[in-house]
Each structure stands twice: as structure tokens, then as C-alpha cells.
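Work through the exercises below with the sequence and the structure at hand. Each task is followed by a solution in steps.

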Amino acid sequence: MRRLHNELDLGPYWLPFTANRAFKTNPRLVVSASGTRYRTDDGRELLDGMSGLWCCNAGHSHPRIVEAIRNQAAELDYATAFQVGHPTVFRLAERLAAMAPADLDAVFFTNSGSESVDTALKIASAYHHARGEPSRTRFVGRERGYHGAGFGGMSVGGIGNNRKAFGTLLPGVVHLPQTYDLEHQAFSRGQPTWGAHLADELERIVAVNHASTIAAVIVEPFAGSAGVLVPPVGYLERLREITLRHGILLIFDEVITAFGRLGAAFGAERFGVVPDIIAVAKGITSGAVPMGAVLTREEIRDTVVDNAPDAIELFHGYTYSGHPLASAAAMAALDVYEAEGLFDRARDLEPVLEEALHALADKPNVIDVRNIGLAGAVEFAPRDGAVGARGSEAFEAAFDRGVLVRATGDIVAVAPPLVVKEEEIEIIAAVLGSVLDELG
Ligand SMILES: Cc1ncc(COP(=O)(O)O)c(C=O)c1O
């Protein structure tokens, strides 16, 4: 079989979050995609069990999104966002504000999840500065949280490997304990019932540091990159109560959870907890053009803006904030989500994915299966002296059998596009099952 990668010089490209030497000895290339399927460079179909990377919620190359990008590129390819706007970005902001919970009606555009997180942290800091409490500079993250690859996101993130080579990061950051506990939560379906009390650790952090030093707490409604760690019943509610009591902003990093993954526009809606700031990206354009956004309560935006009436109020932004192509792609993606009822569809498929994944509970070496929305994970016991080996071998074996999943350590995560069919969910689970049977 002719392999396209044999004609490519694989040398110069340095792949992100990838074991580059291993990749280049056994490269995996995709050359096209449509709906739930990729095509590989050797002509095989690959069922996308990961929505690309938690982003292609409407499936790949959706004709409506493709057309919107094409038309926008022909009409207005770029407009500076500093002191100048264009109509599509205003329409998009209006639409996101209408979708957002409560009064999170101010929208700041970025180009990625990492930029959304850094923007959210900066807005939180600027807000306290503007309202006369500049001592509130400390951020609280969470163990095993992932908030992107910027220095801000890495600092509040809680995954050691992501931080170890990068020095001391932002000063003053403290971390809540993770919400996951194998002993008390293994094989939970949906939200585990044990663990709401883990939010009380925030009271201890406040007692040690004093509320007047803390700007914001940032968490993912469910932690995706760390392997689908689902919040215990009552946990997010308790974080909200404690942050409100102490004047601390609550930021939800909804880069993965917004736009349907949880069967709702936002995780905030699914869990019935309204934060002060929501960071989004990925599904906002269904992954078709990079874009992120930060939604804040209007009062937060107004406080910052009113503090500097006739000048630039927030010295922050990006060359590509609200890029016309991204804005057009986002408008089209939101159209598709609505027209095809994809958020409801995710909710309807949740029990199907739950059943399919939990049926793997008795496979060799499986120590946990968990799920929420259209996302789930299977965790394996690590092999002696080779933590993570089973996870990456499972990923590679599934890829070879035509299914794309995501491995993180000894966890395999699944999060298919919201257009996935029930039979395709069964295929993903069956392939994982056969891989697990054969993995040593
Ligand atoms: C919760 C969360 N925040 C931030 C990010 C970073 O997004 P990006 O890779 O677009 O910078 C991710 C990426 O997976 C994420 O899952």
C-alpha cells in the first residue's frame, strides 16, 4: 500500500504533546474527513471517537460550516479587532450572550482554549484592581486540572508533567485537591455520590491565605484531559457557595464542556451552577477554525470599563480576536447545533455511551469506567514499572483497528461527535473491548 508519509520529510515538524521519535518511526496521518470519519493516508476509514480533540462536535467538514468559511474568506478575510470591528463578530457575541446562563453577557474573543484561560485570569485580576481590591491576585486551581499550555493556564493547571520543565510559573497559585477517588467512586455512572466535601478544602485555603488575597477559583466542570473526572454530586454547588461568601470569582473552564458535550449549551446549565466567568473554545466553531471566547457577567466588564472612562480599559487582546473566518464558522456551527438538535441528541445518546463503556468493566486490567454527557473513560491498572504503557498501547491498537480514542496515562477517553450514531458508539466500545482482551 502506498503511504503518503513515505513521500514527506517528517523531520522539521515538531508535533505538540507527542512522543516525536515514536511518532516518526510509525507515523499516523489523516488526509480527509467527513462526519464521524477520517480517512488515513493508506486509504483506511477511521471512526472519530474523540471529536478530533474534543472539538468537532458537529462532525467533520459539515457542509454548512464549510460554506460559511468559504463565503466569509471571499468577502472579508481579516479585520483588525483593535479599534475596528466587523458585523459577524457582533452578531456572534450577541448570540453567545443570549445562550449564556444568567447575566454572563459580555464576550471577549480569543483563538484557543489556552488564550481563553489566560484571558479569564487577567479579567479576574483586572476586575478586582478596578474595584479597589488590587490585593486579590492569587488564583486557585485544582490538582489534575488542565487549562491549556500558556503560563497562566499551566500555573492553575494541576498536571505535573505539564509543569515540570517550566520553572516557578505564576506566583501565589494554590490548588484544590482533585475530585477523583478510585476507592469511593469506581464504576460510577454519571456524577459520583461521594466527594462533595472535597470543595470544603477551599475554606481551608481561604483561612490560610485570607480571602482578600484571592482573585478567582478556576475549575473544569468535569476534568476532560486528565481522563474524564466527573464532579461529585453537590461539589460545584459548594464551590459556588464558598466563592460567593468570600467575594472570590468562580471561573468555569468550559473549553471541553460547552457546546453540547454535556447535552446543554454549557456545563453550567447541565449542573445548574452559574459561575462569574466561562472560558470556551473548541466546539464554538466545531473545531473548523481556531477560536475561543470568554463570557463574563456584565458587571465584571462594566466595572473594568467604567474604571477608565476615556481610555483603553483592558490592555489585552490578540491580533486574531474575533477573526472573520472564525466568527463565520462559529455562527454556522451554532446554526448546525440548533437545526440538528445536537445538544438534545447528546443527552439522548448519553445512556447509550454509558451502557457501551460500562460493559467493558470486566475486561482484563480495567479498574474503572466513568462517564458523563457524551464523554467517558476506561482506566487500566498500570503495568509494573511502565505507567502509561497500557494506555498508549490501547490507543495505538484502536487506531490500527480504525477507531480514534485518546490516551492519557493508563486512561482511554472517548468523546465522539454529537452526530455519532448508536451503532458507531457500539463499534467504538467493541474495538476497545477487543483491544483490552489482547493487551497484556
Ligand atoms: C479544559 C481545557 N482548557 C483549556 C484547553 C486548552 O485549549 P487549546 O489547546 O485550544 O489551547 C483545553 C484543551 O484541551 C482544555 O481541555
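Two strands count as paired if DSSP finds at least two bridges between them. The model used here is predicted.

**Exercise 1.** Find the order of the strands in the open sheet and state which strands stand at its edges.

Solution. Step 1: the sheet has four strands, and reading across it gives E11-E12-E15-E14. Step 2: their pairing is antiparallel. Step 3: strand E11 (366–372) and strand E14 (406–408) each have a single partner strand, so one side of each lacks a neighbour in the sheet and both stand at the edges. Step 4: on average, neighbouring strands are turned by 20° against each other, direction ignored.

**Exercise 2.** Describe how E14 pairs with strand E15 (residues 411–414).

Solution. Step 1: three bridges join E14 and E15 in the antiparallel sense. Step 2: look for Ala407, which stands opposite Val412 in E15.

**Exercise 3.** Characterise the residues around the ligand.

Solution. Step 1: the ligand is surrounded by 15 residues, the closest being Ser112, Gly113, Ser114, Gly148 and Val255. Step 2: sorted by type, the shell holds six nonpolar, seven polar and two charged residues. Step 3: helix H5 (residues 113–130) supplies the largest share of the shell, three residues.

Notes:
Residues numbered from 1 in each chain as written. Predicted model: local features only at pLDDT ≥ 70, side-chain atom pairs only at ≥ 80, totals over all residues. Near = placed C-beta within 6 Å. Helix = DSSP H or I, 4+ residues; strand = E, 2+ residues; numbered from the N terminus. Nonpolar A, V, L, I, M, F, W, Y, C, P; charged D, E, K, R; others polar. Axes fitted to C-alpha atoms, helices over the stretch in contact; angles between N-to-C directions.
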